[in-house]
Amino acid sequence: MSVADIMKTRNTFSFEVFPPKTDVGMEKLCGEGGVLEQLYTMHPDYISCTYGAGGSNVGKNLEVLDKIKADGKATPVTHFTCIGNTKDDIREKLQNYLDHGINHILALRGDLPFGWTGTNGDLHYATELVKFIRQEFDDQFTIAVAGSPEGHIQCRSLEADISFLKQKQDNGANYIISQLCWDMDQFRYWLDAIRAAGIWLPVDVGIMPITTISGTLTNALSRNACVMPRELCEIISKYWIFPNPYDPAPYDADAEKKKEDFHKAGLDYTIGLVDQYRACDIAGIHLYALNKYEDVAYIVKNSGIVDLI
């Protein structure tokens, strides 16, 4: 059963991982007793694996997906971008995924590498990629697309961004994975707005666990200029590490204790977000595992996302 079909009957639950760059990292993720096998214990419907700009580390991407496919515990979903890909490249690479039994894809334009002004490929937007996949492969792929509740930072307006999301739907997408958003009022507004625009695709909510101050600030500023609500800012201020949380050798005598306390407070804040999202008209929760088990396991257990029996 496809992820889209599952969403017609109930909410889904899933994880995102990334392809490690080293053999040691691959063993930790894919080896016996590794992170993937630990994630399976929480009964995810699918696990997606990222795909670097221009297909960097694509071999490891496929290796991770092959492991998920062979284990048979969750549906493997590959990310795929327009970056650096000709139409022939895309056709060949997607056929290779199908040959490996991987028929779910998150279709993305992709983040442009530093210094690039375009994709340096034949396709320039995710709308085009979705259309091309449908033209070349018909219904062989279940296609997810990204949605930005606060609007993509490179789009001229939220309204324009929603119109492009509608175009992805019209071109053949099956469901939406929402981008990082901590502003629940904005998320609810966006959800109402896309429904008013005729976008009926189910929305799977992407959630990044809040674990470190530096990581939280980086995600907010480097991933679409996300708004940080007052409550989250208060937690950051309470556990601020002097001179700043990026300093590898802070002069703050309480730095280690603050890191530990923020980690716990951040995970509890994430659980609160899960609760609020689940009270909306969504189709699933998609947790970014960051190739780790303990943090997402804490969130799953204490939020009650799934029945762990």
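Among contacts in the protein chain of this predicted model between residues at least 6 apart in sequence, 77% link residues at least 24 apart. The chain contains 12 helices and eight strands. Its C-alpha trace extends over about 60 × 45 × 45 Å along the principal axes. Buried residues account for 53% of the 309 residues. The protein chain exposes about 14500 Å², of which carbon and sulfur atoms supply 50%. The 29 positive and 42 negative charges have mean positions that lie 1 Å apart.

The largest nonpolar core comprises 86 residues, and the members touching the most others are F15, F187, W190, Y277 and L287. Helix α11, spanning residues 255-278, provides the largest share of this core, with eight residues. Another core, of 11 residues, lies apart from the largest one and includes L108, A144, Y175 and A283. When neighbours within four places in sequence are left aside, the contacts of W190 are G147, S148, P149, L158, I162, L165, I176, S178 and V203.

Helix α11 also carries Y269. This tyrosine has a relative accessibility of 9%; because buried means under 20%, Y269 is counted as buried. With residues up to four places away in sequence excluded, Y269 touches W182, I210, P229, E231, L232 and I235. Y298 stands 29 residues from Y269 along the chain, and the C-alpha atoms of these two residues are 12 Å apart.

Several features of the backbone were found in loops. F242 and P243 are joined by a cis peptide bond, with omega at about 5°. P243 belongs to the loop that connects α10 (230-238) with α11.

Positive phi values occur at two asparagines. In N120, a residue other than glycine, phi is near 55°. N120 is placed in the loop between β4 (104-108) and α6 (126-137), and its relative accessible area of 58% makes it exposed. N291, likewise not a glycine, has a positive phi of about 60°. The loop between β8 (284-288) and α12 (294-303) holds N291. Its relative accessibility is 14%, so N291 counts as buried.

Note on methods. Residues are numbered from 1 along each chain as its sequence is written. This is a predicted model: local features need pLDDT of at least 70, side-chain atom pairs count only at pLDDT 80 or more; totals for chains, interfaces and linings use all residues. Side-chain values use heavy atoms; hydrogens and water are left out. Helices (H or I, at least four residues) and strands (E, at least two) are DSSP runs, numbered from the N terminus. Buried means under 20% relative accessible area, exposed over 50%, partly exposed in between (1.4 Å probe, protein chains only). Contact means heavy atoms within 4.5 Å. Accessible areas come from the Shrake-Rupley method with a 1.4 Å probe; for residues, only the protein chains shown count as cover. Lys and Arg count as positive and Asp and Glu as negative; His and the chain ends are not counted. The place of a charge is taken as NZ of Lys, CZ of Arg, CG of Asp or CD of Glu. A nonpolar core is a set of buried Ala, Val, Leu, Ile, Met, Phe, Trp, Tyr and Cys residues joined through side-chain atoms within 4.5 Å.
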